[in-house]
Amino acid sequence: MNHGEQDHSGSLPALMKEIPDTPIYCTAAAVKSLEGQYGKNGWNFHPVKTGDTLDIGNGKQLIFVEMRMLHWPDSMATYLTGDHILFSMDAFGQHFAVEELFNDQADQALLYKEAMKYFANILNPFAPFVTRKLAEITKMNLPIDMIAPAHGVVWRDHPEQIIQKYAEWADAYQENRITVAYDTMWNGTKTLAHAIADEIHRQSPDTVVKVYNIAETDKNELMTEVFRSKAVAVGSPTCVNEVLTSVSAFLAFAKTLKFRNKKAAAFGCYGWSGESVKLLKERLAAAGFDVVDASVRSLWNPDEADFAGIPEMVRELLGKENQ
């Protein structure tokens with residue numbers, strides 16, 4: 001049992017009713033999680049740690065590798081000697097169904113999109129653990145001909161390619177991109193969002209700019225765009241002294257993903273009290289973003305005076321404030 005989460009272990013109680021004395025090899029933490037979820041049933045647990053082995057006959061062994069916090073405390077990978085297969089559990093996976101099973105038979109663009117989305121939304125909070133674990137596995141000098149994760153394709157064609165990508169993604173990854181994410185009530189904040197995107201393109205034509213309505217976009221797709229970006233601009237109108245609930249949920253989710261080395265700016269419209277921009281800046285900072293000083297706060301629909309504040313905010317997002 002490489003992992004105790006129910007998408008990995010859900011059939012275990014039914015299975016153990018049929019083979020009750022069969023040994024279960026897992027980490028000590030997995031014993032706790034499995035008993036916590038399914039009760040203490042007297043299963044024949046054999047806790048293992050990194051470097052422990054199990055002889056399975058025909059001159060082959062299983063070598064166990066603890067993968068703590070990738071992405072649960074109980075996680076581990078299992079390596080099969082002889083065939084040189086790393087059963088990597090959640091690492092190197094995707095939520096992606098490929099009928100042909102193997103990476104070389106998948107649509108490559110879709111495969112890498114899904115692999116990055118999986119990393120950004122599941123493993124990015126534990127990126128420092130990824131870096132250390134990759135170094136540890138490398139030092140074990142295990143020849144790897146195939147990587148078989150618990151989700152998605154089996155990497156048989158140059159499996160090192162996904163290891164290299166994980167090393168890159170775990171290192172505070174960013175591209176020359178900025179994501180503008182907003183929700184709106186009566187389109188004023190939407191108008192600001194598109195004006196900000198236009199200004200980013202004017203000041204830095206090589207920077208890719210994407211604009212998303214938070215309420216209309218799949219949250220995992222949106223967080224993948226944030227993961228790819230060097231900066232974000234987040235907008236919300238003020239609604240009863242708060243930001244819109246869609247934006248609040250977006251920022252709460254972003255905080256859990258622990259993005260690093262990304263700038264952020266806030267903008268929004270208001271009609272009464274106008275707290276949204278202040279709240280956005282506070283929550284972006286709490287989520288680990290480097291929040292720029294400049295912001296755009298518009299009373300009712302934005303007018304020329306509001307648009308005039310956008311260039312300075314964009315300069316700060318692009319790191320041009322001293323130019």
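The largest pocket is lined by 19 residues, and Met185, Trp186, Tyr270, Gly271 and Trp300 lie nearest its centre. Elements giving two or more residues to this lining are α7 (188-203) and β11 (263-270). The model is predicted: local features need pLDDT of at least 70, side-chain atom pairs count only at pLDDT 80 or more, and totals for chains, interfaces and linings use all residues. Residues are numbered from 1 along each chain as its sequence is written, and side-chain values use heavy atoms, with hydrogens and water left out.

**Pockets**

A pocket is found on a 1 Å grid over the protein atoms alone, as an open set of points where a 1.4 Å probe fits, with protein on both sides within 12 Å along at least five of seven lines; lining residues have an atom within 4 Å of a point. Volume is the space filled by probe spheres set on the points, which are joined across faces, edges and corners. In the lining counts, Ala, Val, Leu, Ile, Met, Phe, Trp, Tyr, Cys and Pro are nonpolar, Asp, Glu, Lys and Arg are charged, and the others, Gly among them, are polar.

The largest pocket has a volume of about 370 Å³. Its lining divides into nine nonpolar, ten polar and no charged residues.

The second largest pocket has a volume of about 250 Å³. It is lined by 15 residues, with Met1, Asn2, His3, Thr78 and Phe87 nearest its centre. Strands β4, β5, β6 and β7 each give two or more residues to that lining.

**Overall build**

The protein has twelve helices and 13 strands. Both are DSSP runs numbered from the N terminus: helices are H or I with at least four residues, strands E with at least two. The C-alpha trace spans about 75 × 40 × 35 Å along its principal axes. Buried residues (under 20% relative accessible area; exposed is over 50%, partly exposed in between; 1.4 Å probe, protein chains only) make up 49% of the 323 residues. Contacts are heavy atoms within 4.5 Å. Of those with a separation of 6 or more, 69% come from residues 24 or more positions apart.

**Helix α6**

Which residues of helix α6 (residues 160-169) are buried? They are Gln161, Ile162, Tyr166 and Trp169. Seen down the axis of α6, they fall within an arc of 140°, so they line one face of the helix. The arc is taken from the directions from the helix axis to the C-beta atoms. Their cover includes α4 (108-123), α5 (127-139), β7 (146-149) and α8 (219-228).

**Salt bridges**

The structure holds 16 salt bridges. Each is a side-chain nitrogen of Lys or Arg within 4 Å of a carboxyl oxygen of Asp or Glu.

| Pair | N to O distance |
|---|---|
| Lys49 and Asp52 | 3.8 Å |
| Lys60 and Asp83 | 2.7 Å |
| Glu175 and Arg177 | 3.8 Å |

The pair Lys60 and Asp83 links distant parts of the chain, 23 residues apart. Lys60 sits in strand β4 (residues 60-66), and Asp83 in the loop between β5 (76-80) and β6 (85-89). Lys60 is partly exposed at 25% relative accessible area, and Asp83 is partly exposed at 35%. Asp52 also counts as partly exposed, at 22%. Arg177 is buried, at 8%. Salt bridges with shared partners join Lys113, Glu114, Lys117 and Glu221 into one network.
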